[in-house]
Amino acid sequence: MALSMTSIYEMECREQPRCLAALFGAYQADPDIEAQLGNLQRKSFSAAPILLIGMGASYCSCVAGASWLQSGARSAFAVDAGEWLHYSSTKNQAALSLIVTTSGESAELVELCRNPAIGSVALLCNNSKSTCWSLVKDKLPILAGPEYGNATKTYTNATAACIILADQILGRAWSDDASRLLHSYSTTLDRVFAQRNEMEDFCRGAANIEIIGRGPAYGSAIMGALCIREMTGQRAAPHSGGGFRHGPILDVDQSHVAIIFALGRTAALGVSLAHDCVARGGRVILVEADERKPSERLLPIHLDPVPEPWESLTSILVPQALTLAIAERHGARLSPRFQYGEMKE
């Protein structure tokens, strides 16, 4: 209660490895969670698409799960809950609709949980006392504990749970890849956060910051921009790699900074985009698994390689660290969230 918002934010960022390890342990050993995963796998046997539905940070977690399912030849989509609530007349046509919510109290998600038109529905939630939790029979926990800043450990754990469920549906083992991620996750976090002031110096004076990713890292790009804007008020916007190519790249100049996630199977495309931004006079923080020397307008950030799609968890550390540096320099603009209030549409 006595901590500043900046201190709370850093504390919760650094809690991510511990919370992630706890989630992996529970999803491997808890018989109730194991039974629920098997139940949801059976419910998804239909050829109809799987939907992962969320808002804000929870929507960002959905992106990695949907991307991983599609990579496994399973039709799946990440859906914005507000758009789905008001504009879809096909709510009962999915094999499985997974509603993802940290609080379990967001108005749109509560309404979807109450909607009898949705067929097979499940919940991924961090709040077992929430309205959503009480409304849905099939549910999985996020297990991130209380969170008082913006979404950090809840994004990480919810994304991991979406990936685990995707692997379960695809009939894939996930524990070995998760162990490889966890082996280097704390070290990667410490190294990236140690570079935060260098990143803040590099970005200083930018008119806005654009974060660009593909596949599982596209969710991290959306979450990273949300993190920067919520915590600091600095203008930030997310893009897919292809989407940035088709238009936004045309206004890249000296006032422009891009954080580009050059990771996974499309890493080469990210590197190519970085070179093109620099050629136009822009500055780029290039996030990749390779080692690279910095230059005046290119700041490389090295991440230890992890199995696909777990780059969705390591890539977010870069905008999180930058957010902390901006908040340390200028102050955080978000007030501590010591309890969930009414979440209106």
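Helix H4 and helix H11 are roughly antiparallel to each other, because the angle between them falls in the range over 145 degrees that counts as such. In this predicted model, H4 (residues 57-71) and H11 (residues 216-232) pack at an angle of about 170°, and their axes lie 7 Å apart. The chain as a whole holds 15 helices and 10 strands. Its radius of gyration is 19 Å, close to the 20 Å that the globule rule gives for 345 residues, so the chain is as compact as a globular protein of that length.

**Helix H4 and its two helical partners**

- On the H4 side, the contact with H11 is made by Ala 57, Tyr 59, Cys 60, Val 63, Ala 64 and Ser 67.
- On the H11 side, Pro 216, Tyr 218, Gly 219, Ile 222, Met 223 and Leu 226 take part in this contact.
- By class, the residues of the contact of H4 with H11 comprise 10 nonpolar, two polar and no charged.
- H4 also packs with helix H8 (residues 153-170), at an angle of about 25° and with the axes 8 Å apart. That angle makes H4 roughly parallel to H8.
- The crossing of H4 and H8 is right-handed.
- Residues of H4 that meet H8 are Ala 57, Cys 60, Ser 61, Cys 62, Ala 64, Gly 65, Trp 68 and Leu 69. Their counterparts in H8 are Tyr 155, Ala 158, Thr 159, Cys 162, Ile 163, Ala 166, Asp 167, Ile 169 and Leu 170.
- The contact of H4 with H8 has 13 nonpolar, three polar and one charged residues.

**Helices H1 and H15**

- The axes of helix H1 (residues 5-14) and helix H15 (residues 317-330) come within 10 Å and cross at roughly 160°. This crossing angle makes H1 roughly antiparallel to H15.
- The crossing of H1 and H15 is left-handed.
- H1 contributes Thr 6, Tyr 9, Glu 10 and Cys 13 to the contact, while H15 contributes Pro 319, Gln 320, Thr 323, Leu 324, Ala 327 and Glu 328.
- Five nonpolar, three polar and two charged residues make up the contact of H1 with H15.

**The sheet S2-S1-S3-S4-S5**

- Five strands form an open sheet in the order S2-S1-S3-S4-S5, with parallel pairing.
- Strand S2 (76-80) and strand S5 (139-141) are the edge strands, each pairing on one side only.
- From one strand to the next, the twist averages 20°.
- Strand S1 (residues 50-54) runs parallel to strand S3 (residues 96-101), and four bridges join the two. Ile 53 stands opposite Ile 99 in S3.
- Helix H3 (residues 31-43) packs on this sheet, touching S3, strand S4 (121-125) and S5, and its direction makes about 135° with that of S5.
- Helix H6 (residues 107-114) lies across S1, S3 and S4 and runs at about 150° to S3.

**The sheet S7-S6-S8-S9-S10**

- A further open sheet of five strands has the order S7-S6-S8-S9-S10, and its pairing is parallel.
- Its edge strands are strand S7 (236-240) and strand S10 (298-302), each of which pairs on one side only.
- Neighbouring strands of this sheet are turned against each other by 20° on average, direction ignored.
- Strand S6 (residues 208-213) and strand S8 (residues 256-262) run parallel and are joined by five bridges. The bridge partner of Glu 210 in S8 is Ala 258.
- Helix H10 (residues 196-203) lies across S6, S8, strand S9 (283-288) and S10, running at about 150° to S9.

**Backbone exceptions**

- Most residues other than glycine have a negative phi, and most peptide bonds are trans.
- Ala 73, a residue other than glycine, has a positive phi near 70°. Ala 73 is placed in the loop between H4 and S2.
- Glu 308 and Pro 309 are joined by a cis peptide bond, with omega about 5°. Pro 309 is found in the loop between S10 and helix H14 (311-314).

**Overall dimensions**

- Taken along the principal axes, the C-alpha atoms of the chain fill a box of roughly 55 × 45 × 40 Å.

Methods
Residues numbered from 1 in each chain as written. Predicted model: local features only at pLDDT ≥ 70, side-chain atom pairs only at ≥ 80, totals over all residues. Heavy atoms only, no water. Axes fitted to C-alpha atoms, helices over the stretch in contact; angles between N-to-C directions. Parallel < 35°, antiparallel > 145°, perpendicular 65-115°, else oblique. Left-handed = near helix turned anticlockwise from the far one by under 90°. Contact = heavy atoms within 4.5 Å. Nonpolar A, V, L, I, M, F, W, Y, C, P; charged D, E, K, R; others polar. Pairing = 2+ DSSP bridges. Rg over C-alpha atoms; globule rule 2.2 N^0.38 Å.
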